[in-house]
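Below are some notes for a colleague who has not seen this structure before. Please read them with the model open.

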Amino acid sequence: MARAFLVVLDSVGCGGAPDAADFGDAGSNTLAHIARECAQGRAEDGRSGPLHLPNLDALGLGAAIALASGEAAPGLGAAPRGLWGAGTEVSPGKDTPSGHWELAGLPVPWDWHYFPDTNPCFPPELVAEVCRVAGTEGILGNRHASGTVVIAEEGARHVETGWPICYTSADSVFQIAAHEEHFGLERLLKLCKDLAPLLHGMKVGRVIARPFVGDAQIGFTRTTNRKDFAILPPQDTLCDWAQKAGRKVHAVGKIGDIFSMRGIDDVRKGSDAALMEHLLEVMDLAEEGSFTFANFVEFDSLYGHRRDVSGYARALEWFDAQVPRLLARLRDGDLILFTADHGNDPTWHGTDHTRERVPVLGAGVGEKAIGQVGFADVAASIADHLEIPAQGPGRSFL
C-alpha cells in the first residue's frame, strides 16, 4: 500500500501570485530574488557564489519558478526529471494557517482579524484581559515587531518587571514572548492557552508562545519551545480524511500546532536540523498507507522575517543537500511532494510574508509537468495516491 509525504518549506515562494498587488507584494519572488542576489555576489555570508540547489532543481525547481512568475532564477535551469508545477492560493491571507489548511484541502472560509495599528497595536480591552490573565500590571511591546528585535529591546525590562512582551505583525497573530526562567515556560504556555479562545473568537489565527533565555549582558535568544495555539480547522482536512480511512498520520515540525492536533496521531518537533532526522526516521518506520506532513520553519522564522538573504540561501542549500537522503527512503509506490505555504522574500520591504505562488515538486511518479495548480489540489492528489476519499475543491494532478 502506497505512502505519502508532504514537505512544506515554510515561505519558499516563487512569485507570480495573481493577487499579489492586493497585498502590496506585486513583484516579490523569494526564490528568484535570492538566486539573483547570490549570482551577483551579494549573499556571501557563510556561503559563496550562485545559489546551488542541484537536487531540487533536478526535480523541476527552476522550471517551477519560471512557470509561476515568468522570471528566470540564475543557476536554476535544469531539465525537470520529477513532478513539477506551481501552486496558487485562494485563501484571503498569506499566513501559515491559511497556506497549510488550503494545502490540506480546506481554503480558509473567513477573513482573518488583523491588528492594523502599528504602535500601539492592541485595543485597550485586550491589553486589560492579558494583564488580568497574566496577573501583571501591564504588558511590554504592544507593537508590530520582529520577534528577535522586540526581545532584544524589551528583554531586560521584561526580566525586571515580569510583564509579558506582546507583539504582532501584518499576519493574523498575537505573540507573547517571555523568559523561560524568570517568567516560566509553563506559565507562558498557560497564558497563551487561556487567551486563545478570546483571540480565536476574534478570528485571530494564532496565539504564539515565544520563550527565550539569556540576559542583558550576553543577549537574549529564543528557544525551540515555541508553541502555536491555532484556530481549530472548521472542517475536515487531509489529515482527517486519512485518519478516518484508517491510516496513520505523522506530523513533523509545527504541523501539530497548525492543525491543533486534529487528524494527527503523533508529532516530532525541534530545530530544522533535528526535524530532518525526525523525518528520515519516520520515512524508515512509517506504515504502509500512512501520510506524513512536515514543516521546516527556519527559512521563514530565522531568515525571511529578518531579511537575511545569505542565511536564507544557506538554509536552502542545506535542505537541498538532504534531498538525496529523503529520496533514498522512498519505497516502491511512495510519493513525496515538496512545496511551500507562502513567500517571505528577504529582498522585499518590511519584515512580513509576501503573497506568492509556490513550487510544487515531487518524486515517486516519474517526470510529470502538472502546470498551474491550486493549493487544494495538493490534498486531492495525495488522497488520490493513498486511495482515500477526498473532500473540498481540489482536483488530483496525478
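1. The protein chain exposes about 14,500 Å², and carbon and sulfur atoms supply 51% of that area (Shrake-Rupley method, 1.4 Å probe). Of its 398 residues, 60% count as buried, meaning under 20% relative accessible area with a 1.4 Å probe, protein chains only.

2. This is a predicted model, in which local features need pLDDT of at least 70 and side-chain atom pairs count only at pLDDT 80 or more, while totals for chains, interfaces and linings use all residues. Residues are numbered from 1 along each chain as its sequence is written, and side-chain values use heavy atoms, leaving out hydrogens and water.

3. The protein chain has 13 helices and 14 strands (DSSP runs numbered from the N terminus: H or I of at least four residues for helices, E of at least two for strands). The radius of gyration, taken over C-alpha atoms, is 20 Å, close to the 21 Å from the globule rule (2.2 Å times the number of residues to the power 0.38), so the chain is as compact as a globular protein of 398 residues.

4. The largest nonpolar core has 87 residues, and F291 and F319 have the most contacts inside it. Such a core is a set of buried Ala, Val, Leu, Ile, Met, Phe, Trp, Tyr and Cys residues joined through side-chain atoms within 4.5 Å. Helix 12 (residues 309-328) gives the largest share of this core, eight residues. A second, separate core of 25 residues includes I176, A178, L191 and F229.

5. Leaving aside neighbours within four places in sequence, F291 is in contact (heavy atoms within 4.5 Å) with residues including A4, L6, L238, H250 and L386.

Note on methods. Buried < 20%, exposed > 50% of the residue type's maximum accessible area, 1.4 Å probe, protein only.
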